[in-house]
Amino acid sequence: MSKRAFNFCAGPAALPEAVLQRAQAELLDWQGKGLSVMEMSHRSDDYVAIAEKAEQDLRDLLSIPSDYKVLFLQGGASQQFAEIPLNLLPEDGTADYIDTGIWSKKSIEEARRYGNVNVAASAKPYDYFAIPGQNEWQLSKNAAYLHYASNETIGGLQFDWIPETGDVPLVVDMSSDILSREVDISKFGLIYAGAQKNIGPSGLVVAIIREDLLGRARSSCPTMLNYKIAADNGSMYNTPATFSWYLSGLVFEWLKEQGGVAAMELRNKAKKELLYKAIDASEFYSNPIAKNARSWMNVPFRLADERLDKPFLAGADARGLLNLKGHRSVGGMRASIYNAVGLDAVEALVAYMAEFEKEHA
């Protein structure tokens, strides 16, 4: 068997090797049933048990309160940009949004198709290198909800605090940092996360919604985008993304085996501290993000001479350090160090960075 590379892709991202091996072992014959999970009816007892266990394991990992529904939906986080206002924004209402980068901008643009959006704060005056404190926000008096992205995957900007909204439901895109460190679910009305970063493969989005927010959808909301319909049907109004759901369940099992979210938080803290320390100690590499807003999951960095970008990436690829090229909109490098990326991967990256700097500085 060939040695697996260290994969720093922002998404679809690295999956735990143990999960891939188990899926491989079960691919043709799931638990002696003579068929693959991909071939099962989603309404069969076997598959329903797979789905229910995945949900319960996620509830255990995040300590999700009993008055929240957990939905396994399709369309990715980007579909939620429309689904949220269709379910939670009355036609004559206003929703508050916080702009901290590309993904929150996309959510704002989409929500404006369905109602009035107040951009209560923006990181633009800080060149998207820092997050404005809540004392700078201009919140609406009667907002239907407040939406923000807890971690901007492309820019590497992350909240290290949870906004205070009183009675206004707090809606958060946690696509790239869910399950990476502990969080109090009860502070949110709705959490949603595309799966392909810290949950499982692409094709799935998880939504965790407080029950009192169900049943508010507009009459024009498509049936497939109605949270209450999804909740009432156990996320199976239609055929769900069964294999993605199954694989996500295997990831949840793996996370429990690792010691849960608290253990992952310690690992992730060690990983990000090692990488940022290497960047900050060098005049060859740089990261512009304010230190209190640096992402734990997505670490962008630049070389002092961008003409060295291609040789850096070529050398990284040759060493099995893959997908370090920064997003096309910002350039430079980006190392995504999600749960499935081990400390050994970060150590290998830091060693290569030091070697490359020695050769080219």
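The model is predicted. The accessible surface of the protein chain is about 16200 Å², and carbon and sulfur atoms account for 48% of that surface.

## Overall form

The protein chain contains nine helices and 14 strands. Along the principal axes, its C-alpha atoms fill a box of roughly 60 × 60 × 30 Å. A compact globule of 361 residues would have a radius of gyration near 21 Å, and the chain agrees because its own value is 21 Å.

Of the 361 residues, 54% are buried. Counting contacts between residues at least 6 apart in sequence, 66% join residues at least 24 apart.

## Annotated binding-site positions

An unreviewed UniProt entry gives the feature "binding site" at Ala77, Ser78, Trp103, Thr153, Asp173, Gln196, Asn238 and Thr239. These positions span 163 residues of sequence and are also spread in space, with up to 30.4 Å between C-alpha atoms.

## Two of these positions

Ser78 lies in helix H3, which covers residues 76-88. Its relative accessible area is 41%, so Ser78 is partly exposed.

Gln196 sits in the loop that links strand E9 (190-194) to strand E10 (205-210). Leaving aside residues up to four places away in sequence, Gln196 touches Gly11, Pro12, Ala13, Pro201, Ser202 and Leu204.

Terms used:
Residues numbered from 1 in each chain as written. Predicted model: local features only at pLDDT ≥ 70, side-chain atom pairs only at ≥ 80, totals over all residues. Heavy atoms only, no water. Helix = DSSP H or I, 4+ residues; strand = E, 2+ residues; numbered from the N terminus. Rg over C-alpha atoms; globule rule 2.2 N^0.38 Å. Buried < 20%, exposed > 50% of the residue type's maximum accessible area, 1.4 Å probe, protein only. Contact = heavy atoms within 4.5 Å. Areas by Shrake-Rupley, 256 points an atom, 1.4 Å probe, with all protein chains shown as cover. UniProt positions renumbered as here; feature names shortened; annotations may be inferred.
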